[in-house]
Amino acid sequence: MTTTPETEAHGPVDFVLLEFPMAGLTGRASEELVRLVEQGVIRLFDLLVVMKNDDGTVEVLELTDPGGPAESFSYFDGAQSGLLGEEEIAEAASAILPGSLAALIVYENIWAAPFVAAVRDSGGELVASTRIPAPDVMAALEALESVDAAPPVAGA
């Protein structure tokens, strides 16, 4: 399907705030984010890394600081669309614990763009959307598994 600027479809855009304890940084999250971008699953619009020191002071970290706490995100240096500003940084800082590092990420789910185009071409439109957090899904699946694994009740 060929699209013109008027009919170009985009996937949903998400904002996430990820909090990491300073003591446990491994770089694995940034590796997976790189993989998602390189495989064309998402398009990264913004990535800011914020550190909240033990005394509560907040600083936006340079992604290219060698040996710095945000160095594993250096691949994304310059990923700024302007969607994240001072207000979002302040909200993120108030949401995280002292001694933590937070990644503020805005990305488009480009894997969904062909589906969005098909919906629009069929006259459809999005009327509601929500996200169920992964821990809630995992808890529900575990509860379902425990019910399935439970021995039958006598007389049932």
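**Salt bridges and a surface patch**

Hi everyone! Let's begin in helix α1, residues 28-38: E32 and R28 sit four residues apart there, so about one helical turn separates them. Please keep in mind that this is a predicted model.

What does E32 form with R28? A salt bridge, and the closest N and O atoms are 3.2 Å apart. As a reminder, side chains of opposite charge can pair when their charged atoms come close.

E32 has another partner too. It forms a salt bridge with R35, where the closest N and O atoms are 2.8 Å apart. Put together, R28, E32 and R35 are linked in a network of salt bridges.

How open are these residues? R28 counts as exposed, at 51% relative accessibility. E32 counts as partly exposed at 28%, and R35 is partly exposed at 34%.

How many salt bridges does the structure hold? Four. One of them joins R43 and E108, with the closest N and O atoms 2.4 Å apart. This pair links distant parts of the chain: R43 belongs to strand β2 (residues 43-52) and E108 to strand β4 (residues 100-108), 65 residues apart. Is E108 buried or exposed? E108 is buried, with a relative accessible area of 1%, while R43 is partly exposed at 38%.

Finally, let's visit the surface. I132, V137, L141 and L144 form a nonpolar patch there, and together they have about 370 Å² of accessible area. V137 lies in helix α4, residues 134-149, and is partly exposed, with a relative accessible area of 34%.

Notes: Residues are numbered from 1 along each chain as its sequence is written. This is a predicted model: local features need pLDDT of at least 70, side-chain atom pairs count only at pLDDT 80 or more; totals for chains, interfaces and linings use all residues. Side-chain values use heavy atoms; hydrogens and water are left out. Patches are made of residues with over 30% relative accessible area and no salt bridge: like charges are joined within 9 Å, nonpolar side chains (Val, Leu, Ile, Met, Phe, Trp, Tyr) within 5 Å. Accessible areas come from the Shrake-Rupley method with a 1.4 Å probe; for residues, only the protein chains shown count as cover. A salt bridge is a side-chain nitrogen of Lys or Arg within 4 Å of a carboxyl oxygen of Asp or Glu. Helices (H or I, at least four residues) and strands (E, at least two) are DSSP runs, numbered from the N terminus. Buried means under 20% relative accessible area, exposed over 50%, partly exposed in between (1.4 Å probe, protein chains only).
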